[in-house]
Amino acid sequence: MAGKDGGNLKTVRLWRDAALRARKLRSNLRQLTLSCPGVGADPIDDSPDSSPPQLVLPANLGDVEVLNLGNNGLEEVPEGLGSALGSLRVLVLRRNRFARLPPAVAELGHRLTELDVSHNRLAALGAEVLSALRELRKLNLSHNQLPALPAQLGALAHLEELDVSFNRLAHLPDSLSCLCRLRTLDVDHNQLTAFPGQLLQLAALEELDVSSNRLRGLPEGISALRALKILWLSGAELGTLPEGFCELASLESLMLDNNRLQALPAQFSRLQRLKMLNLSSNLFEEFPAALLPLAGLEELYLSRNQLTSVPSLISGLGRLLTLWLDNNRIRYLPDAIVELTGLEELVLQGNQIAVLPDNFGQLSRVGLWKIKDNPLIQPPYEVCMKGIPYIAAYQKELAHSQPAVQPRLKLLLMGHKAAGKTLLRHCLTEHRVEASGEGGDQEKGYSPPPPPPPPPPTSKGIEVTSWTADASRGLRFIVYDLAGDESYEVIQPFFLSPGALYVLVVNLATYEPPQFPTTVGSFLHRVGARVPHAVVCIVGTHADLCAERELEEKCLDIHRQIALQEKRDAEGLSRLARVVDEALARDFELRCASPHAAYYGVSDKNLRRRKAHFQYLLNHRLQILSPVLPVSCRDPRQLQRLRDKLLSVAEHREIFPNLHRVLPRSWQVLEELHFQPPQAQRLWLSWWDSARLGLQAGLTEDRLQSALSYLHESGKLLYFEDSPALKEHVFHNLSRLIDILNVFFQRDPSLLLHKLLAGTSGEGEGDGESSLVMAVPPPPPLSQDLLRATQLHHYVEGFLLHGLLPAHAIRLLLKPHVQAQQDLQLLLELLEKMGLCYCLNKPKGKPLNGSTAWYKFPCYVQNEVPHAEAWINGTNLAGQSFVAEQLQIEYSFPFTFPPGLFARYSVQINSHVVQRSDGKLQIFAYRGKVPVVVSYRPAKGALQPDTLSIASHASLPNIWTAWQAITPLVEELNVLLQEWPGLHYTVHILCSKCLKRGSPNPHAFPGELLSQPRPEGVAEIICPKNGSERVNVALVYPPTPTVISPCSKKNVGEKHRNQ
């Protein structure tokens, strides 16, 4: 069926009665399916060397009642078809190359009741053949090239179902009005320019589809179709509906999406049997009042209109199960909406809703709930995104407690190493000015040289500071100073969150135009991929070291290159979206006809998803505040100007509507209690410790869960309610946790060795030097100390080269943060949960029984080369060539590759593999006995994308084992990529034949095929790189469809980053 929103509908309610009858009729018939030898790759093969396949009928066909000759590439039916099939009632000829109806079909006319000639090349129907099919009840002529239908069609007096969709029909024959038994008619996707008047005579018609024709209007006489139950008018360019339309009293399902409707007729409410109504993608500015009396309505779609409000009378639609109101301009919802207690789907994303009505928890049956892209403050977005039960708990708590408003904003300082972030943070938050090395304004005459200024402060990693920017209004910034060193790239993304203000710091003294990609462009790509539509302010530091003209030129260059990069990215996305549009404009069968076609074999549904994603990326570009703001930390006026700028941006309600979110007072008190002595100094609290604090805040135990969940989602603390190992603990001391993370990502060997030595001697981190040699004899302790120092030095080397550390060495590194063994164990569980390390030798679900636990940090792997290199190059581990087929899924990242993704992915897949061997850019492992290889290939130039591939191999009969091996790894990667909603990437299945030939540029089949079932009757697919070579369909399609778009599984590493 047609219509862009068809995938959103509950198709189970739209199944045709005729199709059900047909299945029941066929259940007792004798059936036969015939295939030509060697055919099955592509029934429409236009290669010059191809010849029409020949099909020979077997003997003894007299009793066959259903014959399927589809997917054979036939141009003529086999000889003797009519005489051999005396009992035939159903003939299927779909997906062949017929240019006309075969004359032999006429010989079957006395018994034939169903004929399917869809997906062929019919340019005309033989009048004589058609006239002979007088007993025909079902005729499918869809997906052909018919410019017209013959008048003899009207002679098929028994015809009940007719499908002529996806042809080139500009009009229908007058004789069509004679088909008095016709119940189902599909004419969608043709070239009709007006509603065919002949259809008004079809009084028995129950289902009609005239979608995707340029009708521009409907006749008043449409009221004659009183038996009509299902009507599709999607994309018909309708501006109004006639009053006669309201006489279609039998209508149950009505599709009017993608038109130009602004209102419904006043008598529309007479359609009392209507159960499903789709009005999406129209021009409604007001909610159509005429549909409010439709008490039997179960599904209502009003997406992508211009609605500003929803009337209270919507509560009268008591049977409503599905309500889609996304992508409108709705500012508030009526209180009465909570009376729709039967709702199962409620989609509100992309509106302007700030406050949800009270008692929203009454909508407890809602399973599909979408609310993103709204300026929510009550409840806050972090509560709404968790679902209706959490909204109910919030509103219940707000009724128990006084509301509290917390104007607090997360501010992130980003930039290259030595950009001046740390000094800028100190000057901003402490209201201080850096001592000038030039003595300020010089007076005339001699002035003695001032003493050299102290070196500017440098970052110790990632640091967090609270800054009360405006005490009178209680506005507070939580300032994150993100280290610019590449060592921290794997953990930096955890702190990039929606609703934050990003300050990109550039050192203007050292900036040169060729450095833009690394100092500015890459950071903008990273933020845009992680947080679409983020607000970014560009600040240039060290302005005092630049001449006035130099300063102006550098600021203008940054501004110009940002504009060029944004334009280039937007044009690239628009170009890709146009390719999708062109693919959608072609029929699905045409896309399947040639492997050279863009999006070969991809369904309309997947193409619409791809188009929607491109549209999302185009509509959610970064909000970059211009111009570049030059600042010198020695100039108090420039610093104050920057403070004023940050304050004005933060208080702009259209930019940061969530700043004034409303919380229950008890939740705010609970947060404050977690950060008061004595618990503030502890690394973590047990759940019962938090429960006691909850009682002090007025929260009973049953109300604590929702409060902790909000504090977790908003980044105040960490509470993993879905983790068996961590759910009994609350990690509230984020500053200490960040200090611990900093320990692991400082790649300074002397500093690491110092920490290890300090730990062994029982000294704290700041207790001064740790001598390698004891100051007091005797010699034996001296040799022990040297032996210990040597061992610790080996640990440091192993960590920096291979990412390996034993648990007891980790404990030494983390002193004084970690005191008890339980602290260490919890921290290691947390680091695994965040995807930063994994235990090498711990059996799944079993204790280590006293042996030393070793942990691997993949981001530190430097020179370890896995032994899979020979396998990748086409040989097995013994160096001999293998005959197995290779299966390889490749992810391509043309704009930016998420920093730390490969390292975190290496951790996430550990539970799925055994016998792994890790390299810096490659992992070789096994899934059971099946080998898998994960490879990351960085881009070698600006025009080349980064790629990440997942590969396996097996013999063709056992290729299902390779699919079974890589599918969980693909799903884990999709989970991680869900954390990057603004990231553009593509997925492809590489051609096995090309890989076997060693082609440096193998053909790539669209990754969307992974989520589609294998095409019926197709055994092989042509590889476009070599037209004579065919790829088995089992090497392109998995045995069962999988999910290639980000799945709904919750990511675990980003929970604490929202502030």
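Analyst: Happy to! α15 (734-744) and α19 (821-833) each give at least two residues to the lining of the second largest cavity, and α15 has the largest share, with five residues. Helices here are DSSP runs (H or I, at least four residues), numbered from the N terminus. This is a predicted model, in which local features need pLDDT of at least 70, side-chain atom pairs count only at pLDDT 80 or more, and totals for chains, interfaces and linings use all residues. Residues are numbered from 1 along each chain as its sequence is written, and side-chain values use heavy atoms, leaving out hydrogens and water.

The second largest cavity holds about 120 Å³ of space. A cavity is a set of points on a 1 Å grid over the protein atoms alone where a 1.4 Å probe fits but cannot get out, and lining residues have an atom within 4 Å of a point. Grid points are joined across faces, edges and corners, and the volume is the space filled by probe spheres set on them.

Of the 13 residues lining the second largest cavity, Leu718, Leu737, Ile738, Leu741 and Met834 are the closest to its centre. This lining has 12 nonpolar residues, one polar and no charged (Ala, Val, Leu, Ile, Met, Phe, Trp, Tyr, Cys and Pro count as nonpolar, Asp, Glu, Lys and Arg as charged, the others, Gly among them, as polar).

Now for the largest cavity, with a volume of about 210 Å³. His525, Gly528, Ala529, Arg621 and Gly982 are the closest to its centre among 18 lining residues. That lining divides into nine nonpolar, six polar and three charged residues, and its largest share, four residues, comes from α7.

Methods:
1 Å grid on protein atoms, 1.4 Å probe; cavity = no way out; pocket = protein on both sides within 12 Å on 5 of 7 lines; lining within 4 Å.
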